[in-house]
Structure formats: C-alpha cells, structure tokens
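Take a short walk through this structure. Keep the sequence beside the 3D view and follow along.

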Amino acid sequence: MNFYLKNFDKPEVIVHTYYENDKKIKDLFEGKEGEIVLIPSLDENKPHILYFGLGEKEKLNNNLLRNNCAKLLKKIDELKFKNILIEKIDFGNLDEEKFLKAMVEGLLLTDYDFKKYKSDDKDKTEKNVYINGFNISNKNNILNEVSNIAKAINNARDMIAEPTNNLYPEELAKRAVEIANESGFKIEVLEEDKIKELGMEAFLTVSKGTKNRPRLIVMEYNNGGDKDFIGLVGKGLTCDTGGYSIKSHEGLKYMKSDMSGAAYVIAIMSSLAKNKCKVNVKAVVATCENVLDGNSYKPGDIVKSMKGKTIEVLNTDAEGRLTLADALYYIIDKQKVSKVIDMATLTGLAGSTFGSLFTPIFSNNDEFYEKFMETAKETGEDFWRMPLDERYRSYIDSDVADMKNTGSAGTITASMFLKEFVDDTPWIHLDIAATAIQWPVVYEYSSKGASGVTVRTIYELINKGV
Ligand code: BES
Ligand code: ZN
Ligand code: ZN
C-alpha cells in the first residue's frame, strides 16, 4: 500500500468520515463506530462515496481509531478499490499527530496477507491511499516511522506463518541476518559447537532429536551513546511437537508459530534501527525445534543450565523455558544488559485464563512494569499483571535436581522458573501463547495473521527511554 498525505483528483472512491449524529441519512447511516455505507456512482467518471462512522466524538481515542481504520480497510479490500481518497477529518479529542499515527497504523497493519503458497493469487496491484487534511509539519516523519514498524511486523508475520518444513532454525537465522543487514543492526549467528562451548546444555537438550540443528542469534543495535543496553529475548521454537510428552492432534496444528517471540524481537530490532532511534539494545534468540526420535530428550532427564543450575525435565513439552533459561542468563551475564524483556509463547494456560485479549505480564520491578503499562495504554495492546510470588517457588522444587520444568499453576510456575535465571536484573516476561496469534481476533488489524502484539509497545518504551 502506498500512502500520500495530499489530495487526489481521480480517486475511485472518496471516504467521508463522520461522528455519530454528525450527519444522519435516515436509518442508512448514523456515524456509529465502524459503520460503513457505500453510495455507488453510476457515472464511471465520478467516484463512489463511502461514509465511514467513528462513533461518539467524545469517546474516540487512538485505540478505537486504529481498530476502526482496520475495519475500513477490510471493506475497501472487499470492494477491491485501489485508489482511495480519505477526505479531511475532524480530529475530535485527539491531536493531529496522534490521529494520523493511529489511522496509518490501523490501515498499514491490516494490509497483510500470507499468499505465498497460493497458486491463483493474481491480484498484485498495489493500493494507493491519499489522505487529505493533515497540516502538521512532521506528517511525513510519522508516516515513515509507522511504515517501518508495520513492515517489520509484516516480516514477523511472514516468518510466523511459514510452515516448519520451510522455516527451521537455520532459515530463521538467515532471515534475521537479511533483516539486520537491511535495517542496520549487527548480528552474529552461533552454531552448535559455540553454543556447547558456552555451556548451554538446557537449550541444546531440546533439539537432540532432530537433524535441523539449533542456532543462537545474537543481535545488537547501538546508537544511544553511553546509555545502558536494554536486553530482549524471544522464544524461537520453529516447531514444537512436545517431544516424548507429545501434543494432541489439535495441539500440534499451530506449533509452527512457537517462534513468534523470536519474530517479534527481530521486528523490534528492525523498527528501532530503521527509525534510527537513539538507543542501545541487545537481543538474543535461542532457536531450535522440539521433535521426536530415538535421540530426543526424555521425561526424567536431568540437564545443567549455563548458569550451573540443574533441571529435572519432567515434561519435554515445557521446552521453551529450557531455551529461555540459557538465553536470559547469557544476555544478562555475557551481554551485560541493564534490564531485560522476554516474550514467549510459553503456556497454553495463558489463553485459558485471558483468551486472546490480555497478555500475562510478570515483572520483578514495579517501576519497569509501570513504565511498560503506561506505554501499552498508548499502543492499545492489553496486558495483565500476574504474581511472581516467592511462595510459588516450591511448585518447581525437584527431588533430584535444583528445579523441575513443570508444576501446577502453569503460567506462573513457568515464570518462577525463568526468574531463577535473571536474579535481580529488572525483568519483564510476556507470555504471548494466546495473543501472538489471536483466536478469536480481538485486534481488528490482526485478522489475517499474527497480531504483532508487544512490538509497538516495546518499540515505544525503548524509544522514549527506560
Ligand atoms: N509452545 C507451547 C505453549 C503453547 C500452547 C503456545 C498453545 C501456543 C498455543 C509450550 O511449549 C508448551 O507446550 N507448554 C506446555 C507447558 C506444560 C507442559 C507445563 C503447555 O502449555 O501445555
Ligand atoms: Zn512445548
Ligand atoms: Zn513451545
């Protein structure tokens, strides 16, 4: 989709935006939130008219606007319009900058489809969207910034949608390198011998049963002078069958997306670098696949993490925390970051609690947590804090090792497990198991792919300084 912040005299369709009761056309159009009415033109030299409702003026905020613009774009796609003019809009309560940003975000994030494997996808014509009426001086910067973020999220969506036969650790690393080179951040990919040297037995044990060997992807973007480095860690399971603790048929279907955390971390790095943000960030992805053969790790195995703590593996499907344990310890101990955020499709139970709306958030630092939540309010991504209470530590006590990799109270005990590897470093853990991809779709703009949840919030948080 191409965007132009100016008028256009030959559109196929002109979009007029109204608030509730601004203009009432009998009962056909009342300006209600998300309401869309098409008035077709019978003269082929004249454009069609589309009325678009934004609901009550006093209630409009950037989140509603983003979702409404997503609805608008879906309608435009359905009607197959390619040249669209959106006429001057009354900004209501929002300032012009926020209005433009939310609007473009809604449109760009919705403009996604994974059609790579469709043989009959002939329609390659790009849409041209003209938006009229913005007078702010930095409108092109806003457009540029949002486009870079949307592009990064769409790259992440492509990786998440890619099946396991075509996206395995080596390929994920290759794509990360391409994105790093194009965006302007540093990247190093460590192969198995180096990972072994680092002592990451917890990470390595997960991929014992596959010829698709693991990779440790280490990324760095430094444009922030002497600012501290923020650390990002993403779960990168390109395939999670559960291993010997094998998943059900139903559970197996979508496990190509178990690398969503990794894809989002790469997207955040790309957004920060492309927008030349004045920040310092390091990121680590421990990518592998959890499949089943005679060499696979087995329930009851005991492994030693890079930190030196021993882990009794009682469920080979709780593999994400084994990879994250070493990745978190590595980024804190070896990469010396001052704060760290991890995102991981870690526990199915996150969805049993919150569905696809709220991402459970855990933190050992109130200030860090509050800054995160303040930012999330602006980006419209929903998070809900969960307890990291020491009393839950006993849930992961093992009879034979320092800890075990399961325990009831699943989403919480998974976090208690990770906490063992971050100690006092300010840390946020986001369990995106049910929100990375949404069933049902809660954010309008994520209907055709992964939601991208966490990317915009973490980008803004790091950009404004934590
Ligand atoms: N990748 C899964 C979690 C998951 C489930 C993500 C469904 C997305 C949708 C993770 O590795 C896993 O299998 N976790 C187990 C943990 C349990 C064995 C303690 C789970 O959720 O069942
Ligand atoms: Zn698993
Ligand atoms: Zn998993």
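**Charges, strands and a nonpolar patch**

Start with Arg391, which is exposed because its relative accessible area is 66%, above the 50% cut-off. Keep in mind that this is a predicted model. Arg391 has a partner. Its side chain meets that of Asp389 in a salt bridge, at 2.7 Å from N to O. Asp389 has a relative accessible area of 23%, so Asp389 is partly exposed.

Why can such side chains pair? Opposite charges can do so when the charged atoms come close. Some of these pairs share partners. Lys116, Glu162, Glu171, Lys174 and Arg175 are joined in this way into one network of salt bridges.

How many salt bridges does the count give? The count comes to 36 salt bridges. One of them is formed by Glu444 and Lys74, again at 2.7 Å from N to O. This pair links distant parts of the chain. Lys74 sits in helix α1, residues 62-78. Glu444 sits in the loop between β17 (427-431) and α13 (455-464). The two are 370 residues apart. Is Glu444 buried or partly exposed? Glu444 counts as partly exposed, because its relative accessibility is 22%. Lys74 is also partly exposed, at 26% relative accessibility.

Now look for Glu182 and Lys274. They form a salt bridge, and their closest N and O atoms are 2.8 Å apart. Glu182 belongs to helix α4, and Lys274 belongs to helix α8 (residues 260-274), so the pair ties together parts that are 92 residues apart in sequence. Glu182 has a relative accessible area of 47%, which makes it partly exposed. Lys274 is partly exposed too, with a relative accessible area of 22%.

Stay with helix α4, which covers residues 169-183. Glu170 lies in this helix.

Next come the strands. Find strand β8, residues 215-222. Six of its eight residues are buried, so β8 is largely enclosed by the rest of the structure. What does β8 pair with? One partner is strand β7, residues 186-190. β7 and β8 run in the antiparallel sense and pair over five bridges. To see where they face each other, find Ile187, which stands opposite Met219 in β8.

Another partner of β8 is strand β10, residues 280-290. This pairing is antiparallel as well, and it spans eight bridges. Asn222 marks one place to look, as Asn222 stands opposite Asn280 in β10.

Finish back on the surface. Where is a nonpolar patch found? Tyr244, Ile246, Leu252 and Leu292 form one there. Together these residues have about 340 Å² of accessible area. Tyr244 is found in the loop between β9 (230-240) and α7 (249-252). Its relative accessibility is 38%, so Tyr244 counts as partly exposed.

Begin at Arg391 and Asp389, whose side chains meet in a salt bridge. Move on to Glu444 and Lys74, which link distant parts of the chain. Then trace β8, which pairs with β7 and with β10. End at the nonpolar patch that includes Tyr244.

Conventions. Residues are numbered from 1 along each chain as its sequence is written. Chains are lettered from A and ligands numbered from 1 in the order in which they are written. This is a predicted model: local features need pLDDT of at least 70, side-chain atom pairs count only at pLDDT 80 or more; totals for chains, interfaces and linings use all residues. Side-chain values use heavy atoms; hydrogens and water are left out. Helices (H or I, at least four residues) and strands (E, at least two) are DSSP runs, numbered from the N terminus. Buried means under 20% relative accessible area, exposed over 50%, partly exposed in between (1.4 Å probe, protein chains only). Two strands pair if DSSP finds at least two bridges between them. A salt bridge is a side-chain nitrogen of Lys or Arg within 4 Å of a carboxyl oxygen of Asp or Glu. Patches are made of residues with over 30% relative accessible area and no salt bridge: like charges are joined within 9 Å, nonpolar side chains (Val, Leu, Ile, Met, Phe, Trp, Tyr) within 5 Å. Accessible areas come from the Shrake-Rupley method with a 1.4 Å probe; for residues, only the protein chains shown count as cover.
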